[in-house]
Amino acid sequence: MTWAVTVAAETDAIRIADVHMAAFGSNPLLLAQFPTPDVRTQLRHCIAKKAAADIRDPNIAVLVARDQEKIVSFAKWSLPVTAPETYVEAPWVWPDGTNFSILNEWTEKMEEAQQRALGELPSY
């Protein structure tokens, strides 16, 4: 078994989406936010598009871990942006059928938790 961690390439995006869905596809929160198999199939494509956009973005780092040549894990983080800079990350585009009331409530709670924990401190 040979492992390697490398910078992700745009061609890795669909496999990143596959790994994401393998890890979180049975999570009750994901199932509530994306309530049907068809919506989750569309979500996989949305994740791949977002992963490709993130890989192209110089303010985001994406690494993949490979076992032989197969991607088995990935990591993504936003690099800090200093105060005078302006930066807007590419937005998520969610599939039709997304339960936005649950998704938006979860997003709000995560943003509140981040604000409580970090305030305005630069963070990854």
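Modeller: Let's start with I60: leaving aside its neighbours within four places in sequence, this residue is in contact with D54, K76, W77, S78, L79, Y87 and E89. One caution: this is a predicted model, where local features need pLDDT of at least 70 and side-chain atom pairs count only at pLDDT 80 or more, while totals for chains, interfaces and linings use all residues. Residues are numbered from 1 along each chain as its sequence is written, and side-chain values use heavy atoms, with hydrogens and water left out.

Colleague: What makes those residues contacts of I60?

Modeller: Contact means heavy atoms within 4.5 Å, and the residues I listed for I60 meet that test.

Colleague: Which residues make up the largest nonpolar core?

Modeller: There are 11: A8, A13, I16, V19, A51, A52, I55, I60, V62, V64 and I71. Two or more of its residues come from each of α1, α3 and β2. Those labels are DSSP runs numbered from the N terminus: helices (H or I) of at least four residues and strands (E) of at least two. Another core lies apart from this one, with eight residues, including A17, M21, V39 and I47.

Colleague: Is F34 buried or exposed, and how do you know?

Modeller: Buried means under 20% relative accessible area, exposed over 50%, and partly exposed in between (1.4 Å probe, protein chains only). F34 has 3%, so buried it is. W94, at 28%, falls in between and counts as partly exposed. W92 is partly exposed too, at 35%.

Colleague: Why is the F34 and W94 pair called tilted?

Modeller: Rings of Phe, Tyr and Trp (its six-membered ring) pair if their centres lie within 6.5 Å; planes under 30 degrees apart count as stacked, over 60 as edge-to-face and the rest as tilted. By this rule there are two aromatic pairs. F34 and W94 have centres 5.6 Å apart and 40° between the planes, which makes the pair tilted. This pair links distant parts of the chain, 60 residues apart: F34 is in the loop between α2 (28–33) and α3 (37–56), and W94 in the loop between β3 (70–78) and α4 (100–118).

Colleague: And what makes W92 and W94 a stacked pair?

Modeller: Their centres are 4.7 Å apart and their planes are at 5°, so the pair is stacked. Ring pairs link F34, W92 and W94 into a cluster.

Colleague: Which strands are at the edges of the sheet, and what makes them edges?

Modeller: Three strands form an open sheet in the order β1-β2-β3, with antiparallel pairing. β1 (3–7) and β3 are the edge strands, since each pairs on one side only. Two strands pair if DSSP finds at least two bridges between them. Strand β2 (residues 60–67) and β3 have eight, so they pass.

Definitions and conventions:
A nonpolar core is a set of buried Ala, Val, Leu, Ile, Met, Phe, Trp, Tyr and Cys residues joined through side-chain atoms within 4.5 Å.
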